[in-house]
Amino acid sequence: MFGNKELQDEILGSSSFEVYDFGVRNYDAALGRWMNLDPLAEQMRRHSPYNYAFNNPIYFIDPDGMAPQGLDDIIIWYKDKNGKDQKFTYTGNNGGAAPNNAYVKSVIDASNYNTKNGGGQSFKKIAENKNLKVNVAETEHCSTSSNNTIYWNSEGGTETDLGVVMSPATVLEHEADHTLSRVTNKEAHDNRSSVPDPNYSNKEEKRVINGSEQVTARANGEVKSHQVTRKNHYGHTVITNGSTSTIVNLQKTYNYYIKLSSLTPYDYTEQLKKYKPKK
Ligand SMILES: [Zn+2]
């Protein structure tokens with residue numbers, strides 16, 4: 001997950017949630033993505049002063065065990081033409097059987113793009129491992145992950161404070177790496193998440209940013225081989241021209257921050273100024 005200025009992890013019970021700041025103060029992004037079904041939602045609500053109307057983009061959630069047995073790999077959730085929830089189980093090589101749905105296609109495209117270029121190993125491992133069950137679900141806000149679900153905005157890239165724009169594909173790999181470590185060794189993941197780091201918020205972010213994020217961003221040509229995407233955990237969402245693109249769509253990014261402005265009490269003047277399309 002990518003925040004803006006302040007980024008911190010809060011440990012609520014045994015689970016770690018990332019809390020980050022879109023602009024001014026801490027905003028609990030995870031909360032907005034939580035499902036009503038999530039037993040942790042109540043617990044989180046108690047800890048968070050805010051509960052914004054951010055629930056609409058996410059329809060499902062299964063943190064643990066709601067997917068039918070035998071459907072392992074990566075379960076991509078989407079809405080069909082009638083607005084009905086559907087899922088497609090992606091095994092890493094059955095893309096040809098994917099439904100005609102833009103979100104499903106963009107997940108597969110992003111994954112293929114990463115691996116073809118030499119990155120994306122975490123997502124690939126999840127897809128190919130029959131023992132792992134991870135969900136990918138659509139969000140119109142910034143990408144994040146919790147439990148065994150990756151909430152991914154297929155147009156959401158991240159611009160770091162070094163001015164590097166990472167494509168949504170690279171962001172997908174970042175979140176896949178967190179998720180892979182969470183589902184394969186939760187204790188180690190949670191331990192790393194709970195250890196603060198002066199530059200990277202915590203040790204888990206440091207591991208991912210310096211690991212899969214750099215590998216994938218370099219493979220995708222988003223940074224040169226001697227460059228890094230960032231030396232911290234700062235960054236803000238930008239809406240790009242597509243899941244593998246680093247070209248910022250000013251109008252869409254502007255609209256994204258206009259919407260955030262209407263949903264949260266934070267001041268996005270800086271972003272609105274930066275992304276206001278030139279007439
Ligand atoms: Zn992260």
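These are my notebook entries on a predicted model.

**Overall make-up**

I started with the whole chain. I found 9 helices and 13 strands in it. Of the 279 residues, 47% count as buried. I then looked at the contacts with a separation of 6 or more, and residues 24 or more positions apart account for 59% of them.

**The core**

Next I looked up the largest nonpolar core. It has 38 residues. Ile-74, Ile-76, Val-104, Val-107, Ile-126, Val-136 and Leu-172 have the most contacts inside it. Which helix gives the largest share of this core? I noted helix 3, residues 102–117, with 6 residues. As a reminder to myself, nonpolar side chains tend to be buried together in soluble globular proteins.

Setting aside neighbours within four places in sequence, I listed its contacts as Ile-74, Leu-132, Val-134, Ala-176 and Leu-180. Ile-74 is itself among the core residues with the most contacts.

**Asn-153**

I moved on to a loop. Asn-153 sits between strand 8 (149–152) and strand 9 (156–159). Beyond four places in sequence, Asn-153 touches Thr-139, Glu-140, His-141, Cys-142, Ser-143 and Pro-168. I also checked Val-171, which is 18 residues away from Asn-153 along the chain; their C-alpha atoms are separated by 9.0 Å.

**Strands 9 and 13**

Strand 9 and strand 13 run antiparallel and are joined by 4 bridges. One pair I wrote down is Gly-156 with Ile-239 of strand 13.

How are the two faces of strand 13 (residues 236–239) covered? I found His-236 and Val-238 buried on one side, and Thr-237 and Ile-239 buried on the other. For reference, side chains alternate between the two faces of the sheet in a regular strand.

**Helix 6**

My last stop was helix 6, residues 186–194. The buried residues there are His-189, Arg-192 and Ser-193. Why do I put them on the same side of helix 6? The reason is that they cover an arc of only 100° around the axis. An α-helix has 3.6 residues a turn, so residues three or four places apart point the same way. On the other side of helix 6, I noted Glu-187 and Ala-188 as exposed.

Key
Residues are numbered from 1 along each chain as its sequence is written. This is a predicted model: local features need pLDDT of at least 70, side-chain atom pairs count only at pLDDT 80 or more; totals for chains, interfaces and linings use all residues. A nonpolar core is a set of buried Ala, Val, Leu, Ile, Met, Phe, Trp, Tyr and Cys residues joined through C-beta atoms within 7 Å. A residue is buried if 20 or more other C-beta atoms lie within 10 Å of its own, exposed if 12 or fewer, and partly exposed in between; C-beta atoms are placed from the backbone. Two residues are in contact if their C-beta atoms, placed from the backbone, lie within 7 Å. The arc is that of the directions from the helix axis to the C-beta atoms. Two strands pair if DSSP finds at least two bridges between them.
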